[in-house]
Amino acid sequence: MEPVAVAEPRNYINAEEGVLSWLLTKDHKRIALLYLFSVTFFFLVGGLLALGVRLELLTPAGDMVEADTYNRLFTTHGVIMVFFFLIPAIPAVLGNFLIPIMIGAKDLAFPRINLLSWYVYIVGAAFTVAAVVMGGVDTGWTFYPPYSTVSSQSNVLTAALGVFITGFSSILTGFNFIVTVHRMRAPGMTWFRLPLFVWSHYATSLIMVLGTPVVAITLVMAFVDRAFGFGFFDPRRGGDPVLFQHLFWFYSHPAVYIMVLPGMAVMSELIAAFARKNIFGYSFVAFSSLAIAIVGFLVWGHHLFVSSQSVYAGMVFSILSFFVAIPSAVKVFNWTATLYKGSISWDAPMLYAFGFIGLFAIGGLTGLFLATLAVDVHVHDTYFVVAHFHYIMVGGTTLAYLGGLHYWFPKMFGKMYPESWARFAALVTFVGFNLTFFPQFIVGYQGMPRRYYSYVDEYQVWNVLSTAGATILGAGYMIPMVYFAWALKYGRDAGPNPWGAKGLEWTIPSPPPTANFDETPVVTEGAYAYTEGRLKVV
C-alpha cells in the first residue's frame, strides 16, 4: 500500500512562500519575526562592541586602542544597543506577535502602518550602520552639545539622523497598540480582564507617543546647530547647552520605562503561569504601569544635579525620583506575593523571571542612591552609574526578553527547545551579568570615572573581574541562539499549550493560523484563572 502524504497544517509561517511574501506582509506575526531577526542582528553588533570596550579596560594603560577609537567604540555600542535593541526588542517582537492574539483580535488596527514601522526602523538603522562604516561617532549615545554640535570630528549627523528616523518607528508602533487595545478587544474582554502584558504595553505606548517627538525635535535642533550653525545650544550665539540636557532627558528617562515596562509585562505572565496562581493585586499591578508611565515624565531633572541646576529644583526632582520607586515596588511586592505558596515550576522562563527580579531589585535600589542629591554628586559620571543603568536597562530588559522568548517560542514556531540547555543558559547569563556589572558599583564608588580608556592600577582587579564576567555573559547570550536554531529543525512538536497556561494565545494551534482565530472568542473569565497549583476547570 502506497504511503499517503499528509499535508502540513497551514499557519502564518507556511501560508505563503517567497521573500516578497515576507517583505510585503501585513500579518502582525510575520512582522514580529522581521523585527526578531533585525533586533537580534543589532544585539550581536552591539554586544561585539561591548566586548571591545571590556577588552580595552582589561589593563590600566589603555594599550589596545587609542582614546579616540575607544570613544567611538562605547558610543556606537550605546547608540546601537539603546535605540536598535533595548527600546524595540520586547514591544516590536513579543508585543507585535502577542497583543492581537491576547485580546482576541485578528491583527493590529493598522496592519500597513505596522509594516511601515518596520521599514522606518530599517531605514534609520541603515543610516546608523553607515555612520559606523564611515568610522563611527564619538559623542556618547546622549549626543551632548557643544561637543556634538561644534567640536566632534566624527559622523554625528549621520548617526543622529538614524536615531531620529527610528523614533518614528516607535511612535507608529505605540499609536497602533493604543488604537488596537481600545477598539479591537473580543467580546467579554473588559479592561480588567486584559492580561497584564497588554496593560504594560499600553502604558509603554503612551510614553512612545508622547515622549518620542520631544527627543526627535531635540535631535533636529542639534542637527541644524551642527550643520547650519543655528546656535540653539551654543552659548556664543545665545544658546544654552543645558537646554539640550533638559529636552533630551525629558524623553530619555521615560525611555528607560519604554525598555523596562515591557519587561515587567513579560514577568507578570511568566510568574502567573509558572506559579499557577492568579496575580496578587491585579488592579494594583495594572495601574502601577500607568503610574510609572506618568511619573516617569517628571523625574528627568535628576540627571542634571551637577549641571548648575538650583538646589531647590534638585530637591524637587530628588523627591519625585524617590516617588517613582513606589509603583515599581508595588509590582515586585505583588509578584512576590503571587509566588507565595504557588506551585512553582523551575522551567527556563521562570529562571529568567527570578533573574529579572534580582537584577531589577539591585538596579532599583542603587537608583535611590542616584536620586539622593549628595550621593549623586559623589558618584556622578562614575562606573557606579554605568552599573546602575546596565542592571535596569540591560539586565532587566534582556532577561525579560529571553524569558519571554523561551515562554512563547513554542507558540511562535510550534517547537520545543531543549529544556536542560535552556536552564543552563539562564544560569550562565545570570552569573555572567553579575560578575560583569557588580564590580562596577565598587570601582565606581571608589571613584573610577566612566568614558575613560585608561585608569589607575588600583582599579584593575575589578576591571579584570568585569571583563571575565562579560565573556561568560556573552556565552550565556549565545547558547540560546544555538539551541533555538536547532529546535526549529529538530525540536519536538509543542502542541497548542505546552505549559498548561491560561490566556487566549494558548487556545489556538502552534504556530497560529494567519487569522489567529477561526471564530472570534468570547471571554468569560479573568486573565489568570488558576487555582492553587492546578488549572481551573471551567
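Start with K489, whose charged end sits over the ring of Y490, 5.8 Å from the ring's centre. There's another case of a charge over a ring at W22, where R30 lies over the face, at 4.0 Å from the ring centre. Keep in mind that this is a predicted model, so every distance and angle here is computed from that model.

Now for rings paired with rings. A pair of aromatic rings is described by the distance of the centres and the angle of the planes. The count comes to 57 aromatic pairs. One of them joins F356 and F360, and this pair is stacked, with 5.7 Å from centre to centre and 5° between the planes. Both of these residues lie in helix α13, four residues apart, which is about one turn of the helix. Are they buried or exposed? The cut-off for buried is under 20% relative accessible area. F356 has 0% relative accessibility, so F356 counts as buried. F360 has a relative accessible area of 8%, so F360 is buried as well.

Aromatic residues also gather in a cluster. F197, F274, Y407, W408, F409, F413, Y417, Y483, F484, W499 and W506 form one aromatic cluster.

Next, follow the backbone through some loops. Between α5 (111-133) and α6 (147-151) there's a loop that holds P146, and the peptide bond leading from P145 to P146 is cis, with omega near 5°. Further along, the loop between α17 and β1 (530-531) contains P511. A cis peptide bond joins S510 to P511, and its omega is about -5°.

Two arginines are worth a stop too. R276 sits in the loop between α9 and α10 (282-295), and its phi is near 55°, a positive value in a residue other than glycine. R451 is in the loop between α16 and α17, and again phi is positive in a residue other than glycine, this time near 70°.

The largest pocket holds about 990 Å³ of space. Its lining has 40 residues, and H253, H302, G367, L370 and H388 lie nearest the centre. Which elements give two or more residues to this lining? They are α9 (241-275), α12 (325-339), α13 (348-371) and α15 (383-413). By class, the lining of the largest pocket divides into 22 nonpolar, 14 polar and four charged residues.

The second largest pocket has about 830 Å³ of space. It's lined by 36 residues, and those nearest its centre are A50, L51, H77, H390 and F437. At least two lining residues come from each of α2 (28-56), α3 (67-86), α15, α16 (419-445) and α17 (460-490). In this second lining there are 23 nonpolar, 10 polar and three charged residues. Helix α15 turns up in both places, as a contributor to the largest pocket and to the second largest pocket.

Technical notes. Residues numbered from 1 in each chain as written. Predicted model: local features only at pLDDT ≥ 70, side-chain atom pairs only at ≥ 80, totals over all residues. Heavy atoms only, no water. 1 Å grid on protein atoms, 1.4 Å probe; cavity = no way out; pocket = protein on both sides within 12 Å on 5 of 7 lines; lining within 4 Å. Points joined across faces, edges and corners; volume = space filled by probe spheres on them. Nonpolar A, V, L, I, M, F, W, Y, C, P; charged D, E, K, R; others polar. Phe/Tyr/Trp six-rings, centres within 6.5 Å; stacked < 30°, edge-to-face > 60°. Buried < 20%, exposed > 50% of the residue type's maximum accessible area, 1.4 Å probe, protein only. Lys NZ or Arg CZ within 6 Å of the ring centre and 35° of its normal.
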